[in-house]
Amino acid sequence: MPTQSFRAANAIPNPLVAEPIVTESGNGVRRVERRTVDRGVEFRLVESAPDRAVRSTDNRQSRHVAEFAADVRASLTIPGQRELPSKYLYDELGSALFEAICVLPEYGVTRADARLLQRYANEIVNRLPSPIQVAELGSGSGKKTRWILEALAKRQRTYYYPIEISASALAACEKEMGQIDLVSVVGYEKTYLDGLRAVATRRDSQDHLLVLFLGSTIGNFDREAGNAFLREVRKQLRPGDALLLGTDLVKDVDTQLLAYDDPAGVTSAFDLNILARINRELGGNFDLYQFKHEARWNAQERRIEMHLRSLREKTVTIREAQLTITLRAGETIWTESSHKYHSDDVFEMAQGAGFTCTQQWIDQEWPFAQNLLVAE
Ligand code: AVI
């Protein structure tokens, strides 16, 4: 509509090059408005496009989808036993469900881990060289680590480097641990080994490093992969540096099974969420009601295996993975392994990776060990 003011704008020699008005909306969309006037009539050309930051997030997102799709395709087509990589259990919902698992009465792992840290923090710290900085692989919210940091802060200013791929967990951890006197927190939003490499490179030459790998996360690696992982950790350390490694110990079978198949169904929801995530992120059409969560004890491998059993024959399509498979009635998809250890296993694992296990603290209520491994 012609207006006084825009008639005035007619004075611009080429109205099409009037100054653009750029606005960034809260959802990351960049809006560019160009006003032009032609024969006294106002035109507004409005272009909306994601801003550069959003485009780079989009790139990251499409890389994630491509990688997730490729992993799903490869693991669901393994001949014999179909699988899904357990790392995909941990999206935002999966991580919240795992937090709930940690407080289940049937799942004693987290409480045993925390009890040992609380009870023996001073003793652990007294065995460490000085000065020392702390890196944690997969810190989560870092709650359990507080005991170690508080014990260390009694003797020195301590740098704490939580390494975590979940940005929200990292932020929570930075907030919580940043409040401890004489502790400075620098978070790394990276994979375990990339983060550890970054920490190892930035430390001063006189500083030792304590790496925390708690909660028996090592148990989610296959034995060989776990050993290889410990060797990689060792490569980033200097002699005298330490690794505090949490390992869940073998216990009676019923107790173990119940820990991974609780009557309230929290672990079942955690497991099924991997199919829901494939539906959400990769355009899959799994019918979750047609699957049943199962925990099995594999005595030979000394591990709990989580499976999702298809209750009937079913064809499933996953658009982004360009995959269609037919599951037989009763067939399972193997989603996670949780290896359990005898206390002696840890001494051997340590030795094989270039460490010496100098001390082990074992919880009496729920057999679980904190192991102090010193780099040779
Ligand atoms: C993260 N990790 C040590 C857990 C475990 O016990 O293996 C994951 C888990 N899966 C089901 N319950 C807990």
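Trainee: What is the order of the strands in the open sheet, and which are its edge strands?
Mentor: The open sheet has 7 strands in the order β7-β6-β5-β8-β9-β16-β15, with mixed pairing. Its edge strands are β7 (183-185) and β15 (355-362), because each pairs on one side only, where pairing requires that DSSP finds at least two bridges between two strands. From one strand to the next the twist averages 20 degrees. The strands are DSSP runs of E with at least two residues, helices are runs of H or I with at least four, and both are numbered from the N terminus. This is a predicted model, in which local features need pLDDT of at least 70 and side-chain atom pairs count only at pLDDT 80 or more, while totals for chains, interfaces and linings use all residues. Residues are numbered from 1 along each chain as its sequence is written.

Trainee: How do you know that β5 and β8 pair?
Mentor: Strand β5 (residues 132-137) and strand β8 (residues 208-213) are joined in the parallel sense over 5 bridges, and the definition asks for at least two, so they count as paired. Within this pair, Val134 stands opposite Leu210 in β8.

Trainee: Why is Leu152 called buried?
Mentor: A residue is buried if 20 or more other C-beta atoms, placed from the backbone, lie within 10 Å of its own, exposed if 12 or fewer, and partly exposed in between. Leu152 has 26 such neighbours and therefore counts as buried. Leu152 is found in helix α5 (residues 146-153), and in the protein chain buried residues make up 33% of the 376 residues.

Trainee: What is Leu152 in contact with, leaving aside its neighbours within four places in sequence?
Mentor: Leu152 is in contact with Val125, Val134 and Thr158, where contact means that the C-beta atoms, placed from the backbone, lie within 7 Å.

Trainee: What describes the packing of α4 and α5?
Mentor: Two packed helices are described by the angle between their axes and the distance between the axes. Helix α4 (residues 109-126) and α5 pack at an angle of about 35 degrees, with their axes 8 Å apart. The contact includes Leu117, Ala121 and Val125 of α4 and Trp147, Ala151 and Leu152 of α5.

Definitions and conventions. Axes fitted to C-alpha atoms, helices over the stretch in contact; angles between N-to-C directions. Contact = placed C-beta atoms within 7 Å.
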